[in-house]
Amino acid sequence: SCWLFGFIIMIVLAATINPELESVTGSNFGQPMAQIYYDAIGKNGTMGLMSLLFIVQFLMGISILVAASRQTWAFSRDGALPFSSFFRPISQRFGYIPFRAIWGCVLLAAILGLLSLIAPAAAQALFSLAVAGNNLAWATPILARVVWGQRKFKPGPFYTGDRFSVPVAWTAITFLAFGIILSMFPVEGPDPTPQSMNYTVVINVFVWGGALTFYFLNARAWFTGPKITIAADDLTEEQQVAIREEGLDVQSVAREELHIKNDEGNTRKF
């Protein structure tokens, strides 16, 4: 549906955009999209559509915050993040939510958002970072599954079968890798200037390199991977053997330790 409606939107924009593209890209509004709206439907219509976009973007940010904070809490639960013991507690006062993880994500997002105020190149790097980071996050578990985890893989409700599953996985990995490379390209070329250079590669290398360095220097001595949250009865004997070979404990009901902080500040474990 996103592809379909996105294609329709692109058709409408192509039909209504000013043929003099320089007047659009160099708009006094600072937003080419606002200039397209203004040329097509005037001031009042532009104000209405831009206000709608602001609301949609805010709601999208809230949904991303929900997902990011839960992922941050899950990584902290497994001890995979710096300061995991701080972000791990669940707040009982606010309805059993990862309160610290939520505000940690808010603070980090605010710091990253400040890059947009430095220069257009910094803003471009920030937006491209989201593409490259998401693609890497999606590609990594798929790659790990087809290379190292095939024996331990448990299909979900939708499964393409043993014949098509692996080819589909490699197709996804190839597409995501292509997207990562594409997001590193500068906006202007073939000879980008310091102002038009895409610094996504610099930021990504810093983040990915820092994570790998932290793992090899410290985390690999104690980190054993995510907590197992599925019942052993749902695994085949071959899957259980493969998991045990890695030194992980498979029990009939997976144990998960939750740190819940009550209103008095005390922490309970479940």
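The following questions and answers treat the chain as a whole and then selected elements and residues.

Visitor: On what basis are the features reported, and which pLDDT do side-chain atom pairs need?
Guide: Residues are numbered from 1 along each chain as its sequence is written, and side-chain values use heavy atoms, with hydrogens and water left out. The model is predicted; totals for chains, interfaces and linings use all residues, local features need pLDDT of at least 70, and side-chain atom pairs need pLDDT 80 or more.

Visitor: What average pLDDT does the protein chain have?
Guide: pLDDT is the predictor's confidence in each residue, from 0 to 100. In the protein chain, 88% of the residues score at least 70, and the average is 81.

Visitor: In what order do the elements of the protein chain run?
Guide: Helices (H or I, at least four residues) and strands (E, at least two) are DSSP runs, numbered from the N terminus. The protein chain has nine helices and three strands. From the N terminus on, their order is α-α-α-α-β-α-α-α-α-α-β-β.

Visitor: What percentage of the residues of the protein chain count as buried?
Guide: Buried means under 20% relative accessible area, exposed over 50%, and partly exposed in between, with a 1.4 Å probe and protein chains only. The protein chain has 270 residues, and the part that counts as buried is 24%.

Visitor: What span does helix H3 have between its end C-alpha atoms, and where does H3 bend?
Guide: The expected span of a helix is 1.5 Å times one less than its number of residues. For the 46 residues of H3 (residues 32–77), a straight helix would span 68 Å, yet H3 spans only 43 Å. The bend, defined as the angle between axes fitted to the seven residues ending at a position and the seven starting there, is about 130° and lies at isoleucine 41.

Visitor: Which elements do the buried residues of H3 pack against?
Guide: The buried residues of H3 include Ala34, Tyr37, Met50 and Trp73. Their packing partners are helix H1 (2–16), helix H2 (21–25), helix H4 (84–87), strand E1 (90–91) and helix H5 (99–113).

Visitor: How far does helix H6 reach from its first C-alpha to its last?
Guide: H6 covers residues 120–147. With 28 residues, H6 is expected to span 40 Å at 1.5 Å a residue, and its reach is close to that, namely 40 Å.

Visitor: Which residues does alanine 139 touch, not counting residues up to four places away in sequence?
Guide: Alanine 139 lies in H6 and is buried, because its relative accessible area is 12%. The cover over the buried residues of H6 includes H5, helix H7 (161–183) and helix H8 (200–217). The C-alpha atoms of alanine 139 and leucine 176 are separated by 6.4 Å, although the two are 37 residues apart along the chain. The residues that alanine 139 touches are Ile173 and Leu176.

Visitor: Why is the pair of phenylalanine 29 and tyrosine 38 described as it is?
Guide: Rings of Phe, Tyr and Trp (its six-membered ring) pair if their centres lie within 6.5 Å; planes under 30 degrees apart count as stacked, over 60 as edge-to-face and the rest as tilted. By this rule there are four aromatic pairs. In this one, the centres are 5.4 Å apart and the planes stand at 70°, so the pair is edge-to-face.

Visitor: How are the rings of phenylalanine 94 and phenylalanine 99 arranged?
Guide: Phenylalanine 94 is partly exposed at 46% relative accessibility, and phenylalanine 99 is partly exposed at 31%. Their ring centres are 4.6 Å apart with 5° between the planes, and the pair is stacked.

Visitor: What phi does tyrosine 96 have?
Guide: Most residues other than glycine have a negative phi. Tyrosine 96 is in the loop between E1 and H5 and counts as partly exposed at 47% relative accessibility. Although tyrosine 96 is not a glycine, its phi is positive, about 55°.

Note on methods:
Contact means heavy atoms within 4.5 Å.
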